[in-house]
Amino acid sequence: MSRLPAGRGVPMRPPRITESFPRRRRRLRDRDRDKDKVCVTPRPRDPPPDPPGPPLPDPTLMETLRSFDLAWEYGPCTGITRLQRWERAQALGLSPPLTVREALLKHPDHPDIAYSLWHEYPL
């Protein structure tokens, strides 16, 4: 039981529900309307570069400090500076390396030297 138009052997498709509503033209959006216009907007300025930090320390020194941080026999190192840890280990008679203390006293304000590997992590 198919609908066949008069004189043809092709069945008709049923009407779509959207065909029962009147067609409306879309309003042009501002971005579509102004597509051909060239609009020059001022580019925001880049922020000024950060001031250069202290020069990077010697890689062998950093490796020595890293090994000091990873040595469990000197006690935990979270929440204190490397110098505080070294002094605590010395007070407990654990004989920490003197090269670490010398480096810490030589560069007291350098954050990469003064603080342990995990100083940025919360306790």
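Author: Some terms before we start. Buried means under 20% relative accessible area, exposed means over 50%, and partly exposed is in between (1.4 Å probe, protein chains only).

Reader: Good. What kind of model is this?

Author: This is a predicted model: local features need pLDDT of at least 70, side-chain atom pairs count only at pLDDT 80 or more, and totals for chains, interfaces and linings use all residues. Residues are numbered from 1 along each chain as its sequence is written, and side-chain values use heavy atoms, with hydrogens and water left out.

Reader: How many salt bridges?

Author: The count is 3 salt bridges. The rule is a side-chain nitrogen of Lys or Arg within 4 Å of a carboxyl oxygen of Asp or Glu.

Reader: What does arginine 66 pair with?

Author: Glutamate 63, at 3.4 Å from N to O. Both sit in helix α2 (residues 59-70), 3 residues apart, about one turn of the helix. Helices here are DSSP runs (H or I, at least four residues), numbered from the N terminus.

Reader: Is arginine 66 buried or exposed, or in between?

Author: Arginine 66 has 37% relative accessibility, so it counts as partly exposed. Glutamate 63 is partly exposed too, at 44%.

Reader: Now aspartate 69. Which residue is its partner?

Author: Arginine 82, with the closest N and O atoms 2.5 Å apart. That pair links distant parts of the chain: aspartate 69 is in helix α2 and arginine 82 in helix α3 (residues 82-91), 13 residues apart.

Reader: Are those two buried or exposed?

Author: Both aspartate 69 and arginine 82 are buried.

Reader: And arginine 13?

Author: Arginine 13 bridges to glutamate 19, closest N and O atoms 3.0 Å apart. Arginine 13 is partly exposed at 48%, and glutamate 19 is partly exposed at 46%.

Key:
Helices (H or I, at least four residues) and strands (E, at least two) are DSSP runs, numbered from the N terminus.
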